[in-house]
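I opened the model and recorded what I looked up, entry by entry.

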Amino acid sequence: MSPDVALLVLTACSHQTPSVAVKGSIVIEDKNAPTTKFQWTDDGYCYTIGRDYLDIAAGAPVTVYDGKRKKVGAGTIGSQAHTGGFMNFGGVSSHSPTTCTFPFTVTGVPKQKLYGVEVTHHGVVNFTAAQVDAGQVKLTLGDPHN
């Protein structure tokens, strides 16, 4: 192979599309007592129990789309979902959490101006590149007005 051909091959192979990691979370909210959407363990982890949210668990699919709804990345929900918030009844706080937060990271996603993120079948939510870069990808399920 001539040096010119070798340089051409090397140059063609070294060009890569810039990519990002889309890091975020999906939050299940439930302000009912007792919660009907998730349960928690003594060490602060949680898992879904409500029929509408049984698909939200470690290993569930997370899909990232570009602005034209073309799939550009795929990953899964991580393990160790954490509880947060506490129920308040007439000024008295209980030890019952109001949220269950599931983390996810989708790596190797080509840089976009607009990203659509979908967890299982719960619909696509759009985020700007600035929101993705700032780690502000948060999807919420449940009625926050319960």
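**Entry 1: Ile49**

I looked up the exposure of Ile49 first: at 34% relative accessibility, Ile49 counts as partly exposed, because that class lies between buried (under 20% relative accessible area) and exposed (over 50%), with a 1.4 Å probe and protein chains only. I note that this is a predicted model, in which local features need pLDDT of at least 70 and side-chain atom pairs count only at pLDDT 80 or more, while totals for chains, interfaces and linings use all residues. Residues are numbered from 1 along each chain as its sequence is written, and side-chain values use heavy atoms, with hydrogens and water left out.

I located Ile49 in the loop between β3 (46–48) and β4 (61–65). Strands here are DSSP runs of E with at least two residues, numbered from the N terminus. I then listed the contacts of Ile49 (heavy atoms within 4.5 Å). Leaving aside neighbours within four places in sequence, these are Thr35, Thr36, Lys37, Phe38, Gln39 and Leu54. For Thr35, 14 residues from Ile49 along the chain, I read a C-alpha separation of 9.2 Å.

**Entry 2: the disulfide**

I searched for disulfides, taken as pairs of cysteine sulfur atoms within 2.5 Å, and the structure holds 1. Cys46 and Cys100 form it, with their sulfur atoms 2.0 Å apart. The pair joins distant parts of the chain, as Cys46 belongs to strand β3 and Cys100 to strand β9 (residues 99–110), 54 residues apart. I recorded 100° about the S-S bond, and the link of Cys46 and Cys100 is right-handed. Are the two cysteines buried or exposed? Both Cys46 and Cys100 are buried.

**Entry 3: the sheet and β12**

I traced an open sheet of 4 strands in the order β6-β9-β1-β12, with mixed pairing. β6 (82–84) and β12 stand at its edges with a single partner strand each, so one side of each has no neighbour in the sheet. On average, neighbouring strands of this sheet are turned by 30° against each other, direction ignored; the angles are taken between axes fitted as lines to C-alpha atoms.

Two strands count as paired if DSSP finds at least two bridges between them. I found β1 (residues 19–29) and β12 paired in the parallel sense over 5 bridges. Among the bridge partners, Gly24 has Val137 in β12, and Ile28 has Leu141.

Methods
Axes are lines fitted to C-alpha atoms, for helices over the stretch in contact, and angles run from 0 to 180 degrees between N-to-C directions.
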